[in-house]
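User: I'd like to learn how to read a few features of a protein model. Could you walk me through them?

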Amino acid sequence: MTTRYDDLERRAAATRVAAQLAALQSQVAQVGGSDGVSTVGGPIARWSDLSRLPVLRKADLAARQKADPPFGGIPVANISHIFQSPGPIYEPGGSGHDWWRFGRFLHACGIGAGDVVQNCFGYHLTPAGTMFENGARAVGAVVLPAGTGQTELQVQAAAAAGVTAYAGTPDYLKVILQKADEMGVALKITKAAVSGGALFPQLRQYYADRGIACLQCYATADLGLIAYESAPDSGLIVDEGVIVEICTPGTGDPVAEGEVGEIVVTTLNPDYPLVRFATGDLSAVLPGQSPCGRTNMRIKGWMGRADQTTKIKGMFVRPEQVAALVARTGADRIRIVADRAGDADVMTVMCEGTALDQEAVMTAASEILKLRGAVMFVAPGTLPRDGLVIEDRRTYAT
């Protein structure tokens, strides 16, 4: 759909940067007294200052919430709900207009006034159902709050209510359609907005063959909408209400454009200001602008998990330790490779850089990783830019 949801999504890059910098400054000032941000060492004066802020990880948030329930001391305002996600982690929710910003995604799906949306996301404890309902209200659509399960009743309700659009996980719509076929019931669904799972090409094609345009978004319970499709296979456009960085796993250091790294998000929602929240997911920036005319940055979508924690010789090796090893040795890049030699684990520390000392790297690895292994120096640019800092090559097939 090429019509605008609002003027924000077609702003010039310089206009967007200036507006988001002002919003970022306000967010940082709002959380400036909370743990983890008070140590920044100064205000945000320019865009590059963002990378100086500490990264907030789910484990950190869970620990803070346990010590200071329910939101870990983060200032929260104008909320109507409290949700719980596995961890447990608690998330606030608001009832204001497009509070989670899903209206922008649903608009890109062509959903609006005149549509009836069968919302098959869960409504209990976790926020996904409420997120999509809030977005549907923002675009003027009517919602059938279906949740999951009782597929025969789902079919009956969809037919009776005249459902025209589906919101839910990518695979559950197929379950509903197949049940409708079994029951001999014709449904009117022509649009689908999906998230929470992989939308495989063959599944998207299955829907297309049935006259259903299916688009996906990337979102989390903590952050709301992060990025969304406007057309199949054209990348995910970053939402206007967040700042997305792609960082080396285990650090807060942005990677070069086009390289794979961890998605780190700052929300510009003053009701729940999360600054540099690490999602644990990998992606990369896509060059150029979306063909639909929206001008914000695009990412490739989900490309794996950033938490590559691996047990080697009985010891856990974490991305944060690899980052510490890079800082200690002065290497440009390090990849830890786990492999097998017979029945034993072996570890290789692969290093890019110049003027590196092998013995110093081995000593640093032993002290930081609590493991000893081989050290291999490789030429600059040799290690893949695929977001992996720990590679597990072990196989256990007999």
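User: Leaving aside neighbours within four places in sequence, which residues is L106 in contact with?

Analyst: Some ground rules: this is a predicted model, where local features need pLDDT of at least 70 and side-chain atom pairs count only at pLDDT 80 or more, while totals for chains, interfaces and linings use all residues. Numbering runs from 1 along each chain as its sequence is written, and side-chain values use heavy atoms, with hydrogens and water left out. Contact means heavy atoms within 4.5 Å. On that basis L106 is in contact with I111, F132, G135, A136, V139 and A193.

User: Which residues touch the most other members in the largest nonpolar core?

Analyst: In soluble globular proteins, nonpolar side chains tend to be buried together. A core here is a set of buried Ala, Val, Leu, Ile, Met, Phe, Trp, Tyr and Cys residues joined through side-chain atoms within 4.5 Å; buried is under 20% relative accessible area, exposed over 50%, partly exposed in between (1.4 Å probe, protein chains only). The largest core has 46 residues, and F105, L106, I111, F132, V244 and I299 touch the most other members. Elements giving it two or more residues include α3 (102-108), α4 and β10. Helices (H or I, at least four residues) and strands (E, at least two) are DSSP runs, numbered from the N terminus. There's also a second, separate core of 21 residues, with I312, I368, L371 and V389 among them.

User: Why is helix α4 described as largely enclosed?

Analyst: Count its buried residues: α4 (residues 128-138) has eight of 11 buried, so the rest of the structure largely encloses it. F132 and G135 are among those buried. After α4 comes G140, with a positive phi near 85°.

User: What order do the strands take in the open sheet of three?

Analyst: Strands of a sheet pair through backbone hydrogen bonds, either parallel or antiparallel. Here, two strands pair if DSSP finds at least two bridges between them. The order is β10-β11-β12, with antiparallel pairing. β10 and β12 (277-283) sit at the edges with a single partner strand each, so one side of each lacks a neighbour in the sheet. β11 and β12 pair over four bridges, and V264 stands opposite A278 in β12.

User: Is C247 buried or exposed?

Analyst: C247 counts as buried because its relative accessibility is 0%. The residue lies in strand β10 (residues 242-247). Not counting residues up to four places away in sequence, C247 touches several residues, including V264 and R276.
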